[in-house]
Structure formats: C-alpha cells, structure tokens
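Subject: Structure handover

Hello,

Here is the structure I said I would pass on. My notes on what was found in it follow below.

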Amino acid sequence: MKITRRNFLYSTLTSLIFFNQRQVTLAHNTSSDNLISGNTKKEKDALIIVDVQNDFCPGGTLAVKNGDTIVKEVNKIQKLFRYVILTQDWHPKDHTSFSTSNPDRKVFTTKKMPYGEQVIWPPHCVIGTNGAKFHKDLKTDNANLIIRKGFRKNIDSYSGFFENDRITSTGLNGVLKSLKIERVFVVGLALDFCVQYTALDSVRLGYKTYVIKNATLPVDIGDSVEQTINNFEKNDVKYGKLDEFI
Ligand code: VGL
Ligand code: ZN
C-alpha cells in the first residue's frame, strides 16, 4: 500500500481507537478483580475442583473423614479464579471397580485389570443417585465446565484428565489448551486418589501444578497419603496453602 497522507492518518487513528479500547478493558479488569497475581496471570490459571460429591462426604458410601469441612474453603478459593472446572465421579451401577461386581473380594484390596492394579471400592457415585450429586453447599454456579469420569463400565478413572489406562482422555486437556491455561490449581476429594492423579497428569501435560493443602482431604488407605506426598515432591507438584503460591 502506498503511504498517502490520508492512509497514514487513517491507520494512526484506528490504532489509537484500539489502543484506547485496550486501555479501558485493562483498567476495568485491574480495578475490579485483580485478585491473583495480576490480571494476566489470572487469565492463565484454572482451578479444578475434584469430586466434591455426597458419597465422599460423611454419610456417603466412600466417605472421606471430615470431607465436608473443605467445602467452605473451596467456595472461598473459587472466587479468585476466572476458570473453574468441576469433576464428577460418575459410575454405572455395575462398575468393574465395585465390590458388588467382585463378590469374592474385599473392599480396599486390589485386582489386576488390563490397565494395571485396580482398588475394589464400595459402590459410590452411581449415575443419577444422591451420592453422585455435588455436596449441597458447594457453589457450582461459577463453574465453566463439569467433567464426568468413570462412566465406562470396565475402566476406572481417578484423574480429571485421563482414565486409569492413562490414555483415554476426558477432554479436559483440550479445553485447558484452547484457553491457554498455564497454571492448574487442584482442590477437592480425595487427596490420595483423584486429586493426586489429576495433579500428576496436569504436571505431566506441562501445566505448573499446585495442590491446595487446606482444601483437600484423603481417603487414607495404608500408606496412600505418604505415597501421594512423595509423588508430589518427585514430580514437582507444589503442595501448600494458596497464599504460598500467589
Ligand atoms: C475417588 C476412589 C474411587 C476419588 C473416586 O474421588 O478420590 N476415589 N473413585
Ligand atoms: Zn470412583
């Protein structure tokens, strides 16, 4: 394009207009909700709230001790994030991991599956039941996305990213990639299973990954908690309070 006086004026004017719009947007964001590490970082952060469901809370079939006590903290933390993703354990009633599908085995023992060792669980989070619903006090209105997992009868799914064969995707990575997320924060139930697997997959997929200590609790079977903490250390998953990270 030949640079004429008119072209020059036109392009200067349009860029000024865009510049001003950008200014306005930035000013608006920084004043209203610059709550975590400055505005640009917040746009690259996602919070994953793992399995805060009735069956993992007191009174549920696979209750985490005091599991319901994290809900208040989880709700508080949610307010700091633009991108909030809930995961929901979601099993058919004849799921292969259930003790009812393995009458000759005891709960919390393991069996070999083509994809590896599988813990035998009491039936929990059965599709359509009250146990599968989110805890009544969990705020769900601000969630961008709900990922359901474990709905294939013959394969369990702990992680929010992949089922237990580590290959079958839930779709979550695709969403985070297209949102250009760089940091993933994980909270919820249970620390030593679904939270751990979600965090380990997250770090493996290249996200800086943080598990927020006071917003998660474990099922605690054998040395599952110790192993979880070791795995976090070995794989560079940060484990601490939110204010240590932001
Ligand atoms: C979970 C065991 C079986 C969890 C889900 O959410 O941690 N644990 N299914
Ligand atoms: Zn499950």
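The largest nonpolar core has 49 residues, and those that touch the most other members are Leu-47, Ile-49, Val-74, Val-186, Val-187 and Ala-190. Such a core is a set of buried Ala, Val, Leu, Ile, Met, Phe, Trp, Tyr and Cys residues joined through C-beta atoms within 7 Å. Buried means that 20 or more other C-beta atoms lie within 10 Å of the residue's own, with C-beta atoms placed from the backbone. Two or more core residues come from each of strands E1 (45-50), E2 (83-89), E6 (183-189) and E7 (208-217) and helices H3 (71-78), H4 (172-178) and H5 (191-204). H5 gives the largest share, seven residues.

This is a predicted model, in which local features need pLDDT of at least 70, side-chain atom pairs count only at pLDDT 80 or more, and totals for chains, interfaces and linings use all residues. Residues are numbered from 1 along each chain as its sequence is written, while chains are lettered from A and ligands numbered from 1 in the order in which they are written.

Beyond its neighbours within four places in sequence, Val-187 is in contact (C-beta atoms, placed from the backbone, within 7 Å) with Leu-47, Ile-49, Val-50, Val-74, Ile-77, Ile-212, Ala-215 and Thr-216.

The chain has six helices and eight strands, taken as DSSP runs (H or I, at least four residues, for helices; E, at least two, for strands) and numbered from the N terminus. Of its 246 residues, 37% are buried.

Regards

How values were computed. A residue is buried if 20 or more other C-beta atoms lie within 10 Å of its own, exposed if 12 or fewer, and partly exposed in between; C-beta atoms are placed from the backbone. Two residues are in contact if their C-beta atoms, placed from the backbone, lie within 7 Å.
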